[in-house]
Amino acid sequence: MTLIGWAQIALVLALVLASAFPLARYMAVLFSGGRTLLTPVLGPVERGFYAVAGVDPRRGMTWREYAFALIMLNALHFVVLYAILRLQDVLPFNPQHVPAMSPRLAFNTAASFVTNTNWQAYVPESQISYGAQMFGLTVHNFLSAATGIAAAVAVIRAFTGSALETLGNFYVDLTRVTLYLLLPVCVVAGAILLAAGVPETLSAYATATPLDGGSQTIALGPVAFQEAIKEFGTNGGGFFNANSAHPFENPSALTNVLENWLLLAIPFALPLMLGHLVGEKKQGRSLYYAMAILLTLAIAGTYAAEAGGNPLMTHAGVSASMGNMEGKDVRFGVALSSAFNTSATGTSTGAVNSFTDSYTPLGGLIPMFLMQLGEVTPGGVGSGLYTIVVFALLSVFVAGLMVGRTPEYLGKKVQAREIKLSMLAVLILTLFILGGAGASLVLPNGVSSLSNAGPHGLSEMLYAWSSATENNGSAMAGLTADTPLLDFGLGLAMIFGRFAFLVPVLAIAGSLAAKPKLPPSAGTFPTTGPLFVGLLVGVIIILGGLQFMPADALGPMAEHFSMRAGKVF
Amino acid sequence: MISQLRPAIVMIALFTILTGLVFPLGFVGVGQLVFPRQAGGSLIERGGHVVGSELIGQSFTSDRYFQGRPSALMGADPKDSSKQVSTPYDAGESGASNLGPTSKALIDRVTGDVAKAGDAAKAGGGPVPGDMVTTSASGLDPDMSPENAARQVARVARARAMSQQAVQALVRAHTAAPALGFIGAAHVNVLLLNLALDAASPAGGGHVSPPAAQ
């Protein structure tokens, strides 16, 4: 660990935490239907979209209508992506003559991108065409991000008044967030990345004659624009196999800081936006603080673990001064690598600029633990916010049990129905992670996917199911993922992890919306201030994390002690 | 039902056109005009043909070149496609070793490379720089650490019959400091350094024409 390393981490966090405030104000205007700087340009486009689609922007939707529209659009979009992947060999923009994807892999990939997971069981350079990257994956990067944000906004609206029947209009939320937020930022960020060296071309792969003989194929593609939304929409699906470690996705330390900012910006702005929309900024800030505390601790922990290096290598005569450099690129160094991977697992982005499979055991445990916490540190765009609201409901419930009062959150009474639905949502995730990883580790078809022996093999499988269920998409990438068991199993985990969580959450929103909004009384447990932030962090760690402790102890923690004892597998 | 389907279908179609065609193709077009070099992959030409990309590492094995980091990339054996062989810096693919920290294969590989580096880099001694014996994340890392370069100076100078000071000066000239003094790590671009070496000592490099279009 060095002072310079900490300074780099502090820079990334400071940029993110500061920019969240203006971004939250902008988004609050956006979702209140107000005018923004871009309205003169984008207003006509927006109205055109509604006219062609037959959407009445003033018509609100009940939670059931909202959920139905959300699922309908995503189901259709899943089918569209599946078709594109199966037909990519005959569709335009395929100079490398990439063949059609197999049905199994196309199912897994379509499930992955429609759920904002971006788990990649395919090898991009050889298994996906430029066309499918553009009009398949890029579009999903936009719409799955917009879907998550729309759902979060719908949940927030439940707290904005008494006896509400509707939660807003899904198509309006989807359109506004894409046109006014995602597109403009991605155009600017994409242009910066392009200027910094990220390619944007439809030419076939280049062939070079290296100085020291032989021949080198250099994969290219329309990367820069897709790279921007990949981070800003917390998607994470790399244009190339090496993801943000590839010099064409992330050419320098400065582009790395930009990408790290992009993937954290919206998730940290959303809780503050909640404060604006419910008319009490302090309420948003307490969620924001809880997220910031957890992420800061996580990045610090990962950096400390990685900067110490691997004692087995130090023993073999490798200098420990650079830290653990296996699976890391020189230009980033250990601090920016640790910050990026931890941010990307704390946000459900799942992008990597270094390879988690080769992280030290504790350096790899922290990213996995952030996923297992339920992706709230700060979580994916939208999903992080609606998940932390679920944790906030559970926190006031726990506090209510302790003091014997009916819990309230943001003026809404939290009763049995909401708590049951919250627990249902949380347990669906646990079922897939522990059930899936457990089953895969006893089935021969699952065990044969492992690339590492000993406790690290268990970590690989546990990581995969955590990543898929929590819609993160990062991997301990040695795992052979394109097998029948994992393509179908993880595909279903992604779909259930997204939609079987979202529907109960929208049901909670519908139920709370209908209740009267009560003014705070002397008996109300305050949901602002350090006491509540501490309680919320505690509930997230205990409720989200404790159920995974036994499994994590057998994987990364066992490996940590093996490594200290000098044991290899 | 139809009334429910229409907005979903229309929205998907419109956003596919906008975010999947108009903007990506617009970026390609504007990229060609404004940033043609970057948009095309920052390719470097020498003597009229492409020798590589400034951003992508390449495999160097001769003593007269600085050698970048080990690359974990594997590809099909050209002689027998059922077998996998090492294809270092094959930029048609990308990726890491994915060997865990307690992997015997990893520790054996590193131990072997440390022994080799110890023989080759008599000068200096001491522990081997971390990046010299670890594989990168991308398998295409264009850079090495200044410490790694320093341990190769004597070998390269000998192979090219150059003075160590001259080689050291080239290394210094190609060492990029962290941005703003603290962002990222100091690094040396291996391909650009080797191109400069070839330009400075054509006899050792075997090429006369200087690097063009950087």
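Is A:Arg104 buried, partly exposed or exposed, and at what relative accessibility? A:Arg104 counts as partly exposed, at 25% relative accessibility. Here buried means under 20% relative accessible area, exposed over 50%, and partly exposed in between (1.4 Å probe, protein chains only).

This is a predicted model: local features need pLDDT of at least 70, side-chain atom pairs count only at pLDDT 80 or more, and totals for chains, interfaces and linings use all residues. Residues are numbered from 1 along each chain as its sequence is written, chains are lettered from A and ligands numbered from 1 in the order in which they are written, and side-chain values use heavy atoms, with hydrogens and water left out.

**View 1. A:Asp487 forms a salt bridge with A:Arg104.** The closest N and O atoms are 3.0 Å apart. The pair links distant parts of the chain, 383 residues apart: A:Asp487 lies in helix α18 (residues 484-514) of chain A and A:Arg104 in helix α4 (residues 103-114) of chain A. Helices (H or I, at least four residues) and strands (E, at least two) are DSSP runs, numbered from the N terminus. A:Asp487 is buried, with a relative accessible area of 0%. A salt bridge is a side-chain nitrogen of Lys or Arg within 4 Å of a carboxyl oxygen of Asp or Glu. By this rule the count over all chains is 21.

**View 2. A:Glu326 forms a salt bridge with B:Arg109.** The closest N and O atoms are 2.7 Å apart. Between chain A and chain B the count is 1 salt bridge. A:Glu326 is buried, at a relative accessible area of 0%. B:Arg109 is partly exposed, at 22%.

**View 3. Chain A and chain B bury about 7800 Å² between them.** Buried area is the accessible area (1.4 Å probe) that two parts lose on being put together, summed over both. Carbon and sulfur atoms carry 70% of it. In chain A, the residues losing the most area to chain B are A:Leu211, A:Asp212 and A:Val330, together 10% of what that side buries. The contact (heavy atoms within 4.5 Å) takes 105 residues from chain A and 100 residues from chain B. There are 37 residue pairs in polar contact between the chains, both at pLDDT 80 or more. Helix α7 (residues 170-195) of chain A gives the largest share of the side of chain A that touches chain B, 12 residues.

**View 4. A:Asn260 is found in helix α9 (residues 253-277) of chain A.** A:Asn260 counts as buried, at 0% relative accessibility. Its side chain makes a polar contact with the side chain of A:Ser343 (3.1 Å). A polar contact is a pair of N or O atoms within 3.5 Å; within protein, one must be able to donate a hydrogen and the other to accept it, and residues adjacent in sequence count only if both atoms are side-chain atoms. Leaving aside neighbours within four places in sequence, A:Asn260 is in contact with A:Val12, A:Ala339, A:Phe340 and A:Ser343.

**View 5. Strands β1(B) and β2(B) run antiparallel, joined by 4 bridges.** Two strands pair if DSSP finds at least two bridges between them. B:Glu45 stands opposite B:Val50 in β2(B). The hairpin has 2 residues between the strands, and B:Gly47 takes a positive phi near 55 degrees. In β1 (residues 43-46) of chain B, B:Ile44 and B:Arg46 form the covered face, B:Leu43 and B:Glu45 the uncovered one.
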